[in-house]
2 protein chains.
Amino acid sequence: MVALKEKQSKAAAGNRQRLSPGEREQQILDGAISFFAEVGLSGQTRELAQRLGVTQPLIYRYFPTKQDLIERVFEEVFVGRWRPEWTGLITDRSRPLRDRLIEFYGHYSRDVLTYEWIRIYMFAGLAGEDINRRYIDLLEDGLLVPIVTELRAAAEVASPDDVPVTGLEIEAAWHIHAAVFYYFVRKHIYQTKIELDLDAFIADAVDRTLEGAITVTKREVPAG
Amino acid sequence: MVALKEKQSKAAAGNRQRLSPGEREQQILDGAISFFAEVGLSGQTRELAQRLGVTQPLIYRYFPTKQDLIERVFEEVFVGRWRPEWTGLITDRSRPLRDRLIEFYGHYSRDVLTYEWIRIYMFAGLAGEDINRRYIDLLEDGLLVPIVTELRAAAEVASPDDVPVTGLEIEAAWHIHAAVFYYFVRKHIYQTKIELDLDAFIADAVDRTLEGAITVTKREVPAG
DNA sequence: CGGGTTATTTATCATACGAAAAATAAAGGT
DNA sequence: ACCTTTATTTTTCGTATGATAAATAACCCG
């Protein structure tokens with residue numbers, strides 16, 4: 001109570017900091033990302049303002065409504081983190097598929113599956129936003145289908161050009177993805193202690209996946 | 001607006017229905033489960049009351065605070081759905097491990113991983129409740145360690161009595177679990193259309209997992 | 001049928017929240 | 001130094017929300 005009053009009066013006591021609109025907007029956006037990641041999209045603008053050390057109406061100077069702010073958060077977090085070159089990494093047949101997958105999931109884990117990303121992603125899904133479905137479409141084209149294609153090549157069966165990709169094969173690609181994803185769900189959403197080394201986990205997950213996926217691909221897809 | 005007024009006046013217009021305390025409590029609890037599953041734990045008691053066709057203060061007659069209601073929801077949904085006999089199903093070596101896993105995940109998918117369960121589970125995790133960690137503890141003892149034990153038997157290596165279970169092995173067990181879990185996350189949280197048959201998916205997931213898991217177990221655990 | 005018990009509703013409170021309007025002060029040009 | 005611009009704060013509004021107190025009516029027992 002006292003601390004709260006201190007903070008308010010601190011902001012009130014004339015030490016207002018005048019930033020350029022660009023800077024202030026970015027500052028609010030960054031603050032909103034970590035704030036909404038922590039407390040959810042229903043977090044209050046007053047508390048966000050307090051964390052930023054500014055007053056609540058200032059947020060409305062830069063974002064007309066709270067929903068506008070949320071949509072800018074989605075934009076900032078979900079588009080722009082995916083690197084198109086990752087698709088090329090997956091399909092680069094000059095290297096063993098195992099190495100490619102391990103390298104990809106190393107990048108993906110560090111650049112995408114952060115505390116902010118995975119929590120906002122879940123909050124958005126539960127809130128019924130369509131961000132998730134759109135992201136999944138992106139993932140299917142840029143990652144899952146390429147992985148299925150590489151699995152077919154590794155299994156030495158017909159390519160997707162000749163025999164269309166099946167639902168079960170897409171699920172096979174989801175399978176390794178799910179293992180990595182769930183690792184971060186446990187870490188950042190359930191907040192369980194995971195003492196396991198990330199790189200060891202990824203290598204192991206890829207090893208387990210690849211074995212089974214190639215076997216099943218062989219069984220289910222006719223030879224090329 | 002009109003429909004809302006109708007509903008309110010319907011409850012208001014003297015047609016009050018007097019239930020026994022037990023019935024009413026259960027009705028509120030059931031309504032709260034599907035309500036909170038849909039809109040989250042921050043859903044408002046007024047809207048819940050409206051869905052139940054009662055007034056909002058009535059809820060407070062049966063549950064002193066909203067948090068009490070939420071905790072009863074957790075109790076109802078998370079404890080009691082786990083069947084202790086499932087552990088026995090996993091460890092029943094009179095049948096192939098593949099069959100046991102497929103049967104278990106059939107039950108688990110239908111009895112536990114429902115719309116209500118998985119959404120409330122995620123909402124709870126994001127809200128920082130400790131339900132998830134407690135549930136995971138239960139799952140490790142009743143499911144993951146037994147699966148690791150059976151994988152060891154299938155791989156014909158040392159049993160956990162001689163060589164302790166490693167973190168990577170627990171992750172291997174998480175791996176199939178993650179595949180099934182993530183299937184329902186996509187279905188009930190992202191709400192993507194999944195045209196894939198559940199049983200086919202489970203059988204396939206088990207097949208892919210088992211292959212890799214046994215191979216990796218053989219590689220990492222000394223022979224018995 | 002009458003009277004007490006209590007399940008349910010009506011009315012209300014205190015606070016919280018998104019949002020807008022008005023007031024203030026920091027910066028930049030001249 | 002003064003004046004204009006505008007970033008920021010102060011004040012305020014309307015509504016929503018968890019929760020409580022008082023009023024009402026359905027059921028039960030004699």
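Trainee: Where is Gln191(B) found?

Mentor: Gln191(B) sits in the loop between α10 and α11 of chain B. Keep in mind that this is a predicted model.

Trainee: OK, and what is phi of Gln191(B) near?

Mentor: Phi of Gln191(B) is near 55°, which is a positive value in a residue other than glycine.

Trainee: Is Gln191(B) buried, exposed or partly exposed, and why?

Mentor: Gln191(B) counts as partly exposed because there are 14 C-beta neighbours inside 10 Å. To be buried, a residue needs 20 or more.

Trainee: And Gln191(A), where is that one found?

Mentor: Gln191(A) lies in the loop between α10 and α11 (198-220) of chain A. Gln191(A) has a positive phi of about 55° too, although it is not a glycine.

Trainee: Switching topic: how can chain B be laid on chain A?

Mentor: By a turn of 180° and a shift of 0.0 Å along the axis, with an RMSD of 0.0 Å. The two copies are thus related as by a two-fold rotation axis. The same surface serves both copies, as 100% of the contact residues of chain B recur in chain A.

Trainee: How many residues of chain B are in contact with chain A?

Mentor: 37 residues of chain B, and they are in contact with 37 residues of chain A. On the chain B side, α8 (115-126), α9 (131-155), α10 (167-188) and α11 (198-220) each supply at least two residues.

Trainee: Which of them gives the most?

Mentor: That's α11(B), with 12 residues on the side of chain B that touches chain A. By type, that side divides into 19 nonpolar, 10 polar and 8 charged residues.

Trainee: What about the largest nonpolar core, which residues have the most contacts inside it?

Mentor: Tyr182(A) and Tyr182(B), in a core of 104 residues. Leaving aside neighbours within four places in sequence, Tyr182(B) is in contact with Trp174(A), Ala178(A), Phe181(A) and Tyr182(A).

Trainee: Last one, on α10(A): where does it bend?

Mentor: At His177(A), by about 30°.

Key:
Residues are numbered from 1 along each chain as its sequence is written. Chains are lettered from A and ligands numbered from 1 in the order in which they are written. This is a predicted model: local features need pLDDT of at least 70, side-chain atom pairs count only at pLDDT 80 or more; totals for chains, interfaces and linings use all residues. Two residues are in contact if their C-beta atoms, placed from the backbone, lie within 7 Å. Helices (H or I, at least four residues) and strands (E, at least two) are DSSP runs, numbered from the N terminus. Ala, Val, Leu, Ile, Met, Phe, Trp, Tyr, Cys and Pro count as nonpolar, Asp, Glu, Lys and Arg as charged, and the others, Gly among them, as polar. A nonpolar core is a set of buried Ala, Val, Leu, Ile, Met, Phe, Trp, Tyr and Cys residues joined through C-beta atoms within 7 Å. A residue is buried if 20 or more other C-beta atoms lie within 10 Å of its own, exposed if 12 or fewer, and partly exposed in between; C-beta atoms are placed from the backbone. The bend at a residue is the angle between axes fitted to the seven residues ending there and the seven starting there. Copies are superposed by least squares on the C-alpha atoms of residues with pLDDT of at least 70 in both.
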